[in-house]
Amino acid sequence: MPPSTSKPLRIAVLADSDTRWKWGALTADRIAPGPSMEAGPRGGAQVGLALDGFLLRGRATPTARQLEEVGVRADSLREVTAVEFLRAMAETSYDIVVLALVGGGVQAMLHGLKRVWEGLEKRPVVVTGYVGVVYEKLADGLLLRHGADLVLANSRQDAERFRAVYEGVGADASSVTEVALPFLGGAAYEGEHDPYTVVFAVQPSVPDNRRDRVYLLQRLVAHARLHPEREVLLKLRSRPGEHTTHIEELPYQKLVQRLDPPANFRLVYGNMGEVLDRTDLLVTISSTAALESLHRRIPTVVLTDLGVREVLGNHHFVGSGCLASWDQLDEGYRPVPDEEWVGRQGVAVDGSYAQAFDAARERITKLLASPERPPLTPYYTPTTAPGYVPGILARHHLGPDGTPLPGAPAHDKEPGPVRQIVRRAARGAYRHGVQRVAPVIRRMGEL
């Protein structure tokens, strides 16, 4: 039935990192049928919307500090395994399920949800997408997401590419729905602050080696020394030992300790939107923060110092007008973004952002009002990809048909108190091994 004021619309969001939780929860707010929403951490959440959050247990499961920094609130939030999530979906009736996961996680959940919803005439509407710029593994990631009712594309350019991939393999492309990044917003840039503030927004996985990271830090520190009247900020995603969407083995905050930065150089954490409130120049390699900055018309630079390369992701910004080097910035160069390019990226500097989610809301409204919904039909099945799909599902303790494998965590009952304590201890040991020990072993192997 269509959503009504008497019965809250129920949405479940499953996420596997802090960034994807932010994307999933804000997307849920924006795509829920109802009035168009302005950006905000659920402070402006729609009336009559109940949001339940599920955090998929793994190496990137966000910590309490990361969740607080993201600033997105839910009516309930708990950590689960894949099997526990599927059981919750079988036991609780939802209107919409948002899968904010890596491609393999989405694929596993699509098969698992298809199984738990067998026989239901009105299963929930399933939505998935990408948390930011899609610059690698386009075909692989898209085909792993195929089968959801809506596959959200954050821009007109992405929507065209997504449809081309699906149509190119003979898959139904009707699920592709153009929207925009859900976390854009904030006040437009109105001029220089006092002091003038330069922000370098880092990425956990780009670049991926010590030499390039130290080089970037050296240039940032040198810029601070060259311009003592400016405030130069290193915007960090996570503290040492924490993981985000991508693994960070060489934390900038450790590397910078050897460089003796000047007094006008500082490390900052926190919500990106709040940092942008005081930014006069945003510098990055290829972070989605560049799109947030462009949306607010803040001067934005995508660095070319390490080349314009697919491995860095800055090739996505070819044609943007934002490419520049530290040498140019030191000399006072300020790039001017190409308006046509910006318009194709879902950044909507022309004020049309408020309508960016209308098509998704309209489509979901029709799906919710339909008398029945067909089963989920992923492109990948044990028949079309017998050498690929079973392995993906097995990583989440699911068999080829989406059924929990024997011995899968909590597939039959809730864990007791003792089991919960053992699980927490094991999870702590696992995270320590993944986040602390494994990177050291890998670096030793490179010596």
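**View 1. R10 and its partners in the predicted model.** R10 is partly exposed, with a relative accessible area of 30%. The model shown here is predicted. R10 forms a salt bridge with D52, and the closest N and O atoms are 2.8 Å apart. This pair links distant parts of the chain. R10 sits in strand β1 (residues 9–15), D52 in strand β2 (residues 49–56), and 42 residues separate them. D52 counts as buried, at 9% relative accessibility. R10 also lies over the face of Y94. The distance to the ring centre of Y94 is 4.8 Å.

**View 2. The salt bridge between R219 and D305.** The side chains of R219 and D305 meet at 3.9 Å, N to O. That value falls inside the cut-off of 4 Å, so the contact counts as a salt bridge. R219 lies in helix α7 (residues 210–226). D305 lies in the loop between β12 (300–303) and β13 (323–324). The pair therefore ties together parts that are 86 residues apart in sequence. R219 is buried, with a relative accessible area of 15%. D305 counts as partly exposed, at 22% relative accessibility; the limit for buried is under 20%. The bridge belongs to a network of salt bridges that links R219, D305, D327 and D330.

View 3. D358 and R361 meet through their side chains in a salt bridge, 2.5 Å from N to O. Both residues belong to helix α13 (residues 358–369). They are 3 residues apart, which means a separation of about one helical turn. D358 is partly exposed, with a relative accessible area of 34%. R361 counts as buried, at 6% relative accessibility. A search of the whole structure finds 17 salt bridges.

**View 4. S17 in the loop between β1 and α1.** S17 is placed in the loop between β1 and α1 (18–31). At 0% relative accessibility, S17 counts as buried. A polar atom of the S17 side chain lies 3.2 Å from the backbone nitrogen of R20. Q66 is 49 residues from S17 in sequence. In space, the C-alpha atoms of S17 and Q66 are 9.3 Å apart.

**View 5. The tilted pair of F317 and W341.** The aromatic pairs in the structure come to 7. F317 and W341 form a tilted one, with 5.6 Å centre to centre and 35° between the planes. The pair links distant parts of the chain, 24 residues apart. F317 is in the loop between β12 and β13, and W341 is in helix α12 (residues 339–343). Both F317 and W341 are buried.

**View 6. The edge-to-face pair of Y380 and Y388.** The ring centres of Y380 and Y388 are 5.5 Å apart. Their planes make an angle of 90°, and the pair is edge-to-face. Y380 is buried, with a relative accessible area of 12%. Y388 is partly exposed, with a relative accessible area of 31%.

**View 7. K22 over the ring of F183.** K22 lies over the face of F183. The distance from K22 to the ring centre of F183 is 5.1 Å.

Note on methods
Residues numbered from 1 in each chain as written. Predicted model: local features only at pLDDT ≥ 70, side-chain atom pairs only at ≥ 80, totals over all residues. Heavy atoms only, no water. Helix = DSSP H or I, 4+ residues; strand = E, 2+ residues; numbered from the N terminus. Buried < 20%, exposed > 50% of the residue type's maximum accessible area, 1.4 Å probe, protein only. Polar contact = N/O pair within 3.5 Å; in protein donor to acceptor, adjacent residues only side chain to side chain. Phe/Tyr/Trp six-rings, centres within 6.5 Å; stacked < 30°, edge-to-face > 60°. Lys NZ or Arg CZ within 6 Å of the ring centre and 35° of its normal.
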